[in-house]
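Dear colleague,

I am handing over the structure below, and after it I set out what was found when I went through it. Please read the notes with the coordinates open beside them.

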Amino acid sequence: NSSGPPSTDAAGQAKTYVLYEGHVKGAVSFPWANLLVDRGNNNWKYKPKADLEALFTAAGYGPGDKASKVVVSQCRTNFEVQVNGFASRIILGYPTVHFDGSLIEYFSL
């Protein structure tokens with residue numbers, strides 16, 4: 001009698017289960033890795049400010065939105081939002097908040 005899901009798939013490969021998947025309704029996917037560039041030897045740096053601004057604008061938030069919109073960064077564990085939040089708040093000066101509970105809290109509500 002099994003008390004949980006199978007630990008391997010039909011091919012015998014280990015399965016990984018994610019407790020929650022999805023996104024907040026109306027949210028825009030914004031992969032944090034797009035904000036960075038590897039300058040060699042794992043020397044990761046933020047892209048130039050103009051490039052960051054273009055990425056945020058393409059995602060629907062531009063410099064003219066500062067007075068009317070707030071960037072809300074969230075992910076499943078609140079690790080990746082630190083990269084987005086630093087770029088939007090510190091580098092670009094956009095009003096930014098982090099959803100501290102992340103998706104784990106959001107989907108449990």
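**Ser88 and its surroundings**

The side chain of Ser88 makes a polar contact with the side chain of Thr96, at 2.8 Å. Please bear in mind throughout that this is a predicted model. Ser88 belongs to helix 2 and is buried, its relative accessible area being 0%. When neighbours within four places in sequence are left aside, Ser88 is in contact with Phe56, Val71, Gly93, Tyr94 and Thr96.

**The chain as a whole**

The protein chain has 3 helices and 4 strands, and from the N terminus on these elements run in the order β-β-α-β-α-β-α. Of its 109 residues, 20% count as buried. Among the contacts with a separation of 6 or more, 55% are accounted for by residues 24 or more positions apart. The chain exposes about 7,600 Å², and carbon and sulfur atoms supply 54% of that area.

Which residues of helix 2 are buried? They are Val81, Val83, Asn84, Gly85, Ala87 and Ser88, and what covers them includes helix 1 together with strand 1 (36-38), strand 2 (44-46), strand 3 (71-73) and strand 4 (96-98). As a general point, an α-helix has 3.6 residues a turn, so residues three or four places apart point the same way.

The largest nonpolar core is made up of 10 residues, namely Leu35, Leu36, Leu52, Phe56, Tyr61, Val71, Val83, Ala87, Leu92 and Tyr94. Helix 1 (49-58) and helix 2 (81-91) each supply at least two residues of this core. Tyr61, which is one of the core residues, touches Phe56, Lys66, Lys69, Val70, Val71, Tyr94 and Pro95, with residues up to four places away in sequence not counted.

**Ser73 in strand 3**

Ser73 has its place in strand 3 and is also buried, with a relative accessible area of 4%. Not counting residues up to four places away in sequence, Ser73 touches Val81, Asn84, Gly85, Thr96, Val97, His98 and Phe99, and among these Val81, Asn84 and Gly85 are buried residues of helix 2. The C-alpha atoms of Ser73 and Phe30 are separated by 9.2 Å, although the two residues are 43 residues apart along the chain.

**The salt bridge and the surface patch**

How many salt bridges does a search of the whole structure find? The search finds 1, and Asp65 forms a salt bridge with Lys69 in which the closest N and O atoms are 3.8 Å apart. Asp65 counts as buried, because its relative accessibility is 18% and the cut-off for that class is under 20%. Lys69, on the other hand, is partly exposed, with a relative accessible area of 35%. Lys69 is also among the residues that Tyr61 touches.

On the surface, Val70, Val72 and Val97 form a nonpolar patch, with about 240 Å² of accessible area together. Val97 lies in strand 4 and is partly exposed, with a relative accessible area of 39%.

With best regards

Definitions and conventions. Residues are numbered from 1 along each chain as its sequence is written. This is a predicted model: local features need pLDDT of at least 70, side-chain atom pairs count only at pLDDT 80 or more; totals for chains, interfaces and linings use all residues. Side-chain values use heavy atoms; hydrogens and water are left out. A nonpolar core is a set of buried Ala, Val, Leu, Ile, Met, Phe, Trp, Tyr and Cys residues joined through side-chain atoms within 4.5 Å. Buried means under 20% relative accessible area, exposed over 50%, partly exposed in between (1.4 Å probe, protein chains only). Contact means heavy atoms within 4.5 Å. A salt bridge is a side-chain nitrogen of Lys or Arg within 4 Å of a carboxyl oxygen of Asp or Glu. A polar contact is a pair of N or O atoms within 3.5 Å; within protein, one must be able to donate a hydrogen and the other to accept it, and residues adjacent in sequence count only if both atoms are side-chain atoms. Accessible areas come from the Shrake-Rupley method with a 1.4 Å probe; for residues, only the protein chains shown count as cover. Patches are made of residues with over 30% relative accessible area and no salt bridge: like charges are joined within 9 Å, nonpolar side chains (Val, Leu, Ile, Met, Phe, Trp, Tyr) within 5 Å.
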